[in-house]
Amino acid sequence: MNYETIKLDKSMYKGREGFSGKLEELDPSAAYKGTALEGLDAFQRQLRRFDIRVGGPRSSAIQKFFSTADSAALFPEYVSRAVRQGMEEGEILAQLLASRTAIDSMDYRTIGLSQPTPGLEMPEVQEGTAIPATDIKLKETLVRLKKRGRMLSASYEAIRFQRLDLFTVALRQIGGCIARSQLEDAVDTLINGDGSEGSGAEILETAGAQLAYGDLVKLWEKFDGYRMDRLLASPDMAAAILNLPQMSSPAAGLNFQATGRLGTPLGAVLLKSSAVPSGTVIALDSSCALEMAVAGEVSVDYDKLIDCQLERAAITSIAGFAKLFPDAVKVLSLKKNA
């Protein structure tokens with residue numbers, strides 16, 4: 001098989017397609033259909049080539065990656081994949097995004113729509129009159145991109161015999177930290193906007209100092225032309241919603257106890273996150289509210305990871321958020337006591 005003869009080196013990390021993309025070009029997965037290697041991607045076939053097991057009770061030691069120059073080139077991709085896995089596990093952010101846009105520069109403008117009538121109305125067009133236009137144009141403000149990451153610092157001599165399954169757990173934790181930071185950026189954009197005119201969310205106050213079911217109905221009522229399908233709540237507000245009499249029925253309780261999934265007040269999926277300010281519920285139409293712009297995938301210092309065998313290497317992810325349709329987001333806040 002071709003995968004056993006490919007020459008690997010750190011130059012394969014250069015270029016837009018990345019290491020895995022370059023491997024797939026040299027060793028297409030389609031060629032393995034109907035074989036014992038079907039279902040593995042090009043990187044996984046390289047792990048098999050060098051007998052590197054990254055999971056399970058018989059996982060390899062870290063030093064296995066550095067047994068040859070070719071296998072050492074696989075290490076940064078392993079680190080990147082483990083971090084991405086941590087970012088994706090239990091990720092709330094993915095449930096809020098209408099679009100995830102990959103970009104290849106640090107300057108990005110999203111699109112905006114100008115409409116002659118409010119909301120999504122389509123007025124009747126009289127004979128002989130012009131059809132109202134919706135202009136799609138680039139927003140004047142740039143999407144603010146933020147770099148989030150961690151410096152991976154370790155002595156190779158100290159961890160060379162450590163098993164990869166345990167090391168993967170540590171890398172997934174780094175990915176989880178990056179994902180939580182990006183969720184905080186998304187929450188800030190949903191509430192305060194992306195810097196463009198009128199992008200801040202409409203903020204409603206509860207009728208009293210305690211959340212009532214009527215407050216949720218009022219929030220739902222505000223979605224004219226949009227569908228309220230997500231409620232992102234701070235921990236205290238998520239608990240308050242679950243404690244509402246309308247949400248504590250036997251059927252709702254059994255579903256929560258059996259699956260761990262929160263209830264769906266008024267048909268909206270309830271998500272809990274400490275990234276949301278206390279006493280706050282963000283309601284949105286996830287199909288058209290938020291865009292995430294990502295400048296590449298998870299980035300690692302592949303030179304240092306290959307040549308220096310850990311020591312100090314940065315793991316980073318660059319992303320920013322933009323509001324697509326501001327009216328597709330509403331915020332409910334507990335009324336402040338007088």
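Predicted model: local features only at pLDDT ≥ 70, side-chain atom pairs only at ≥ 80, totals over all residues.
Phenylalanine 75 and tyrosine 78 lie 3 residues apart in helix α4, so about one helical turn separates them.

The rings of phenylalanine 75 and tyrosine 78 form an aromatic pair, with 5.8 Å from centre to centre and 35° between the planes, and the pair is classed as tilted. Phenylalanine 75 has a relative accessibility of 0% and therefore counts as buried. Tyrosine 78 is likewise buried, because its relative accessibility is 5%, below the 20% limit for that class.

The partner of α4 to be considered next is helix α6. A pair of packed helices is described by the angle between the axes and by the distance between them. The axes of α4, residues 75-88, and α6, residues 164-192, come within 6 Å and cross at roughly 55°. The two helices are therefore oblique to each other, and their crossing is right-handed. On the α4 side, the contact is made by Phe75, Tyr78, Val79, Ala82, Val83, Gln85, Gly86 and Met87. These residues meet a set in α6 that includes Leu164, Phe167, Thr168, Leu171 and Arg172, together with Gly175, Gly176, Ile178, Ala179 and Gln182. By class, the contact of α4 with α6 has 11 nonpolar, 6 polar and 1 charged residues.

Helix α1 packs against helix α2, residues 42-49, at an angle of about 85°, with the axes 8 Å apart. This angle makes α1 roughly perpendicular to α2. Phe19, Ser20, Leu23 and Glu24 of α1 make the contact with Ala42, Phe43, Arg45 and Gln46 of α2. The classes represented in this contact are 4 nonpolar, 2 polar and 2 charged residues.

Aromatic pairing extends to other parts of the chain, where the count comes to 10 aromatic pairs. In one of them, the ring centres of tyrosine 13 and tyrosine 302 are 5.1 Å apart and the planes meet at 10°, so the pair is stacked. The two residues are 289 residues apart and link distant parts of the chain: tyrosine 13 lies in the segment before α1, and tyrosine 302 in helix α10, residues 302-307. Both tyrosine 13 and tyrosine 302 are buried.

Lysine 137 provides an example from a strand, namely β3, which spans residues 135-138. Lysine 137 is partly exposed, because its relative accessible area is 49%, and the exposed class requires over 50%. Lysine 137 and isoleucine 111 are 26 residues apart in sequence, with a C-alpha to C-alpha distance of 5.5 Å. Leaving aside residues up to four places away in sequence, lysine 137 touches Thr110, Ile111 and Gly112.

These details can be set within the whole chain. Its secondary structure comes to 10 helices and 12 strands. Of the 338 residues, 43% are buried. Among contacts between residues at least 6 apart in sequence, 79% join residues at least 24 apart.

Key: Residues numbered from 1 in each chain as written. Heavy atoms only, no water. Axes fitted to C-alpha atoms, helices over the stretch in contact; angles between N-to-C directions. Helix = DSSP H or I, 4+ residues; strand = E, 2+ residues; numbered from the N terminus. Parallel < 35°, antiparallel > 145°, perpendicular 65-115°, else oblique. Left-handed = near helix turned anticlockwise from the far one by under 90°. Contact = heavy atoms within 4.5 Å. Nonpolar A, V, L, I, M, F, W, Y, C, P; charged D, E, K, R; others polar. Buried < 20%, exposed > 50% of the residue type's maximum accessible area, 1.4 Å probe, protein only. Phe/Tyr/Trp six-rings, centres within 6.5 Å; stacked < 30°, edge-to-face > 60°.
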